[in-house]
Amino acid sequence: MLLKTMTVGPVETNCYLVGDEQAGACALVDPGDSAQALLSMVEESGLRLEAIFLTHGHYDHRDAVADILEKYPELPVYIHEKEKLRPGLPERYFYGGPCQPYAEGDTVQVGSIPFRVLETPGHTAGSVTLVTSGVMLSGDTLFAGTCGRCDLPGGSIADMLSSLRRLGELEGDYQVLPGHGPASTLEQERRRNPYVRQAMRR
């Protein structure tokens, strides 16, 4: 699997390109800003852009989507239903563009690489973590040494602890690719992250 990271925008969001080089296909995860730079990263990879995956609907994880869709108008954008903008909700925290909903138990493909969708609410009600062999894209659920904030619309400390416990109890180890900050491993977070440790004691 080809994996590239670009940190974009004023709050330094990690956007990821995940690709299957044999199949010639890739997807962007959480394109939060700098659409042209992200499209250049896709071009440089030599792969076809086939999808956008959003871990949640906050502006800093999806603000480049509209500009990317100008070039790729048929590109599917995957996001959980609970992250869709509805009347009366603050636009900064919910996604109002075209989307293909995904949810717990779904699998989305990048070429031949399957990503399993895990619902991991807490930062938002519809946050998801995308898991494939040895890698998890954890959005703003699990960070290196900490976790996402729970005081924004749709957030819940109780849900966050349940989600962290769920991730901590996955078998084996994973490279953790968070929405902000450095990468980590799940084993390191089990041992050193106070929020994961608290969650797993519950």
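1. A cavity, on a 1 Å grid over the protein atoms alone, is a set of points where a 1.4 Å probe fits but cannot get out. Lining residues have an atom within 4 Å of a point. Grid points are joined across faces, edges and corners, and a volume is the space filled by probe spheres set on the points. A search of the whole structure finds 1 cavity of 30 Å³ or more.

2. Some ground rules. This is a predicted model, where local features need pLDDT of at least 70, side-chain atom pairs count only at pLDDT 80 or more, and totals for chains, interfaces and linings use all residues. Residues are numbered from 1 along each chain as its sequence is written, and side-chain values use heavy atoms, with hydrogens and water left out.

3. The cavity itself. The largest cavity holds about 30 Å³ of space. Its lining includes Asn14, Tyr16, Asp30 and Leu137. Strands here are DSSP runs (E, at least two residues), numbered from the N terminus. Elements giving two or more residues to this lining are β2 (13-20), β10 (135-139) and β13 (175-178). β10 gives the most, with 3 residues. The lining divides into 5 nonpolar, 5 polar and 1 charged residues. In this count Ala, Val, Leu, Ile, Met, Phe, Trp, Tyr, Cys and Pro are nonpolar, Asp, Glu, Lys and Arg are charged, and the others, Gly among them, are polar.

4. The sheet. Two strands pair if DSSP finds at least two bridges between them. An open sheet of 6 strands runs β7-β8-β9-β10-β13-β14, with mixed pairing. β7 (107-110) and β14 (184-185) each have a single partner strand, so one side of each lacks a neighbour in the sheet. β7 and β8 (residues 113-119) run antiparallel and are joined by 4 bridges. Gln109 has Pro114 in β8 as its bridge partner.

5. Aromatic pairs. Rings of Phe, Tyr and Trp (its six-membered ring) pair if their centres lie within 6.5 Å; planes under 30 degrees apart are stacked, over 60 edge-to-face, the rest tilted. The whole structure has 4 such pairs. Phe53 and Tyr78 make an edge-to-face pair, 5.6 Å centre to centre with 65 degrees between the planes. Phe53 sits in β4 (residues 48-53) and Tyr78 in β5 (residues 77-79), 25 residues apart. Ring pairs link Phe53, Tyr78, Tyr102 and Phe115 into a cluster.

6. A charge over a ring. Arg92 lies over the face of Tyr59, 4.3 Å from the ring centre. The test asks for NZ of Lys or CZ of Arg within 6 Å of the ring centre and within 35 degrees of the ring normal.

Methods. On a 1 Å grid over the protein atoms alone, a cavity is a set of points where a 1.4 Å probe fits but cannot get out, and a pocket is an open set with protein on both sides within 12 Å along at least five of seven lines; lining residues have an atom within 4 Å of a point.
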